[in-house]
Amino acid sequence: MPWLNLASRLHSFPRRWFYISCPGRVRGCRYKSIKIKIMINLNISSVNIGILCDPTGLYQDLAARYEMYLDNGKPDYVINILWKDSSKRCVKPRSALSDASNSFDGGCYLFASPYHSGKICPDECSGELVFQSDTPIYDIDYFLRSVIAFGLQQKGGYLLHSAGIVRHGKGHVFFGKSGSGKSTVATISSDNSVLSDDLVGILPADNVVHAFSTPFWNPGWKKFPREKCLLGGLYHLVQDNRVYLEPLRISMAISELLASIPIVPMDERLCQMLLPNILRTLAHCGVFNLHFRKDDSFWQVIEDREG
């Protein structure tokens, strides 16, 4: 049988690439049902993710979406994706995963809507997303943001709602609430390398702190390559008519950073585990209120601080 020959050939590949089964009543077959999945491996902000998905269109779309982040490392997290294409259905989903309700239950982070069922279990380093959508990459992208948030916390870092700019070899990370100017700062500074205008990975390591690019951007940006750099400073954005830096007390810096870290601080146990990661960052990197106008004059005060 042709599919038996296919299963035989694919079975020789490493298990992290192919998962194969076939009808249980077929003579000579040791599998229960025909099902082939392929794993696509990504490295985002030092977190290795293995995504199990259908090897046809969805795999190709994911490989194109995360082209800069494809990797061959052993997964820290394994995510199982089951997508039901709704593009040809008469009644289409009227909500995205970002509209789903979220909760913590039994150590897992859950997503629930009429069209989505998902969970991320940090203690098991696993996740699953079952959903109907005619825009699957958008929902998977939102799901992966949450996976990276948990993965970085477990590695001793955190994911930060921020814009990251690499200038003179150092990463400068600008954070604040929605509308504070993160995308504005990134746009003004786009002649430099931009880590992201939305989410940047932060990871203290030994006597340094690293900033990582992510593939998570607001619409309209070109693709920048995957990048890792030393963190030069953290700047809480304050729109003003004047341009100056204001050092933040440790307590205020912790509060502002926690307010800009997605998902993880919602769980009391994980939030307590997150605090040492922030303190290790503050031990090596200053945090400032950056009062700025919507032009590039803020770079001068940053460079004056660095001497």
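A disulfide is taken here as a pair of cysteine sulfur atoms within 2.5 Å. By this rule the chain has one disulfide. The structure is a predicted model, in which local features need pLDDT of at least 70, side-chain atom pairs count only at pLDDT 80 or more, and totals for chains, interfaces and linings use all residues. Residues are numbered from 1 along each chain as its sequence is written, and side-chain values use heavy atoms, with hydrogens and water left out.

**The chain as a whole**

Seven helices and 16 strands make up the secondary structure of the chain; helices (H or I, at least four residues) and strands (E, at least two) are DSSP runs, numbered from the N terminus. Of the 307 residues in the chain, 49% are buried. Buried means under 20% relative accessible area, exposed means over 50%, and partly exposed lies in between (1.4 Å probe, protein chains only). The chain exposes about 15100 Å², and carbon and sulfur atoms supply 51% of this area. Accessible areas come from the Shrake-Rupley method with a 1.4 Å probe, and for residues only the protein chains shown count as cover. Among contacts with a separation of 6 or more, 63% are between residues 24 or more positions apart; a contact means heavy atoms within 4.5 Å.

**The disulfide and the cysteines**

The disulfide joins Cys 108 to Cys 121, with an S to S distance of 2.2 Å. The link of Cys 108 and Cys 121 is right-handed, with 105 degrees about the S-S bond. Cys 108 lies in strand β6 (residues 108-113) and Cys 121 in strand β7 (residues 116-121), so the pair ties together parts that are 13 residues apart in sequence.

| Residue | Relative accessibility | Class |
|---|---|---|
| Cys 53 | 0% | buried |
| Cys 108 | 12% | buried |
| Cys 121 | 4% | buried |
| Cys 125 | 29% | partly exposed |
| Cys 271 | 16% | buried |
| Cys 285 | 4% | buried |

Cys 125 is found in the loop between β7 and β8 (126-133). Although Cys 125 is not a glycine, its phi is positive, at about 55 degrees.

**Helix α6 and its surroundings**

Helix α6 (residues 268-284) has 17 residues and reaches 26 Å from its first C-alpha to its last. This is close to the 24 Å expected at 1.5 Å a residue, where the expected span is 1.5 Å times one less than the number of residues. At the start of α6, a side-chain oxygen of Asp 267 reaches to within 3.2 Å of the backbone nitrogen of Arg 269. A polar contact is a pair of N or O atoms within 3.5 Å; within protein, one must be able to donate a hydrogen and the other to accept it, and residues adjacent in sequence count only if both atoms are side-chain atoms.

The buried residues of α6 are Leu 270, Cys 271, Leu 274, Asn 277, Ile 278, Thr 281 and Leu 282. An α-helix has 3.6 residues a turn, so residues three or four places apart point the same way.

Cys 271, in helix α6, is in contact with Leu 258, Val 264 and Pro 265, leaving aside its neighbours within four places in sequence. Cys 271 and Gln 153 are 118 residues apart in sequence, while their C-alpha atoms are 9.4 Å apart in space.

Gln 153 belongs to helix α3 (residues 136-155). With 5% relative accessibility, Gln 153 counts as buried. Beyond residues up to four places away in sequence, Gln 153 touches Val 264, Leu 270, Met 273, Leu 274 and Asn 277.

**Helix α2**

In helix α2 (residues 57-65), Leu 58, Leu 62 and Ala 63 are buried. Seen down the axis of α2, the buried residues fall within an arc of 135 degrees, so they line one face of the helix. The arc is that of the directions from the helix axis to the C-beta atoms.

**Loop residues**

Asp 99 sits in the loop between β4 (77-85) and β5 (101-105). Its relative accessibility of 56% makes Asp 99 exposed. Asp 99 and His 116 are separated by 17 residues in sequence and by 9.8 Å in space, C-alpha to C-alpha.

His 168 is in the loop between β9 (158-167) and β10 (170-175). At 69% relative accessibility, His 168 is exposed. His 168 has a positive phi of about 55 degrees, although this residue is not a glycine.
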